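Hi,

Here is the structure I promised to pass on. Have a look at it, and below it you'll find my notes on what turned up.

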Amino acid sequence: MERLVYLDHAATSWPKPPEVGVAMMEVLEHSGANAGRGNHSLAIGAGRVLVKARNQLAGLFSISNAQDIAFTHNTTMGLNMAIKGTLQPGDHVISTMTEHNSVRRPLEYLRQTKGITVDYVKVDQEGQVDLLELQKNFKPNTKMVICNHSSNLLGSILPIGEIGDMAKTHGAVFLVDAAQSAGSLTIDVGKMNIDLLAFPGHKGLLGPQGTGGVYISPALDLEPLLHGGTGSQSENSAQPNVRPDRYEAGTQNAVGIAGLLAGVKKIMSIGTMNIHRQEWLLTQRLMEGLSGIPGIRLLGPGLGSQRSGIVAFVIEGEESAHIAHRLDREYNIAVRAGMHCTPLAHMAVDTLESGAVRASVGVSSTEQDIDRMLAAMIEMYGRARIR
């Protein structure tokens, strides 16, 4: 069988750069102790890894104080920290129909338990939000605006700078889900008026699973999601006020964070603009080829428009799971099919019942990968549909 063509980078980037594994083994073998939990050399070595990673991430996102970054297990944890740590009974939230369940489910939980209210602003067929419509949803009690930088289904890129300006004008906290943009799109928390930024380590930042983080503006004091040991102010029963300890209870994943540090260094050596350009060219190649197959409907921004490295599609009369299964078993091509944990986005583009097939590219993707995907799709569905 031919080599695996991996087109599921929106879920987890793979393969990782070799230096990621090397960095993780280095910590396992030489610094495998608890960061911040001792004065011996192994603990100090683990602590240095966390400091370096925090500084590297601060540089990537133009964050002035690296201590405002708290490490998490993933984007979901960061979003939960931001949402549950900010919202109180009676608060109003504005979000969009392209949000992942990592945003929607915490909001719906707080709607039921704390009585918050939520408006999900509609998006068009290309996944774009009408800023005038978003503006109309602000209320005197609007506490937070939440949006993803890029949809994990449609690949649409939202104008977070303009949305951030709008939130600031209304005195609302602005939370950005960077699950599909960290590492491939430029993010400047200051210029974009981002108060909270949740990001994964295992996707565009090329780190291992089980890593991620959340930036918390120094103007905010979130209620911690977790309470426990931090290695600091241990004589107090309350969670420390000092950052990042306040938001990092328990032993940190120093091994994983070492891998994340290596991944971020790789990203910064290439440049996010270069990565985005390369991913965009690959999506255009894929979209152009798929559009020639009868019965295929491409989702999200049209050919030539800006988008992230995601191309989702449906085929009339075919189940998305069946398409993905055939690509995997017959052609050794990995894509994802189904709901992609974003039912509101499917609702917006009328694919809630069918789901969709999603191919997503990353740093390691090539034109040959795209051509293999296109050849497989034409062999499976193109010829059969040409009469």
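I'll start with a helix pair: E19, V20, A23, M24, V27 and L28 of α1 are in contact with A254, V255, G256, A258, G259, A262, G263 and K266 of α7, where contact means heavy atoms within 4.5 Å. By class, the residues of this contact are 9 nonpolar, 3 polar and 2 charged. Here Ala, Val, Leu, Ile, Met, Phe, Trp, Tyr, Cys and Pro count as nonpolar, Asp, Glu, Lys and Arg as charged, and the others, Gly among them, as polar.

Before the rest, some housekeeping. This is a predicted model, so local features need pLDDT of at least 70 and side-chain atom pairs count only at pLDDT 80 or more, while totals for chains, interfaces and linings use all residues. Residues are numbered from 1 along each chain as its sequence is written, and side-chain values use heavy atoms, with hydrogens and water left out. Helices (H or I, at least four residues) and strands (E, at least two) are DSSP runs, numbered from the N terminus.

**Helix pairs around α7**

Back to α1 (residues 18–30) and α7 (residues 254–270): their axes come within 8 Å and cross at roughly 150 degrees. Axes are lines fitted to C-alpha atoms, for helices over the stretch in contact, and angles run from 0 to 180 degrees between N-to-C directions. The crossing of α1 with α7 is right-handed. As for the convention, left-handed means that the near helix is turned anticlockwise from the far one by less than a right angle, and right-handed that it is turned clockwise.

α7 also meets α2, with axes that come within 9 Å and cross at roughly 35 degrees. That crossing is left-handed. On the α2 side the contact is made by A46, V49, L50, K52, A53, Q56, L57, G59 and L60, and on the α7 side by A254, I257, A258, L260, L261, V264, K265 and M268. The residues of the contact of α2 with α7 split into 13 nonpolar, 2 polar and 2 charged.

β2 pairs with β8 (residues 212–216) in the antiparallel sense over 4 bridges, and I69 has Y215 in β8 as its bridge partner.

**Salt bridges**

How many salt bridges does the structure hold? There are 15 salt bridges, each being a side-chain nitrogen of Lys or Arg within 4 Å of a carboxyl oxygen of Asp or Glu.

- E2 pairs with R372, with the closest N and O atoms 3.5 Å apart. E2 lies in the segment before β1 (5–6) and R372 in helix α11 (residues 367–385), so the pair ties together parts 370 residues apart in sequence.
- R243 pairs with D68, with the closest N and O atoms 2.9 Å apart. R243 is in the loop between β8 and α7 and D68 in the loop between α2 and β2, 175 residues apart. Both R243 and D68 are buried, that is, under 20% relative accessible area, with exposed being over 50% and partly exposed in between (1.4 Å probe, protein chains only).
- R285 meets D371 at 2.9 Å, N to O. R285 sits in helix α8 (residues 272–290) and D371 in helix α11, 86 residues apart. Salt bridges that share partners join R285, E367 and D371 into one network.

Cheers

Key
Pairing = 2+ DSSP bridges.
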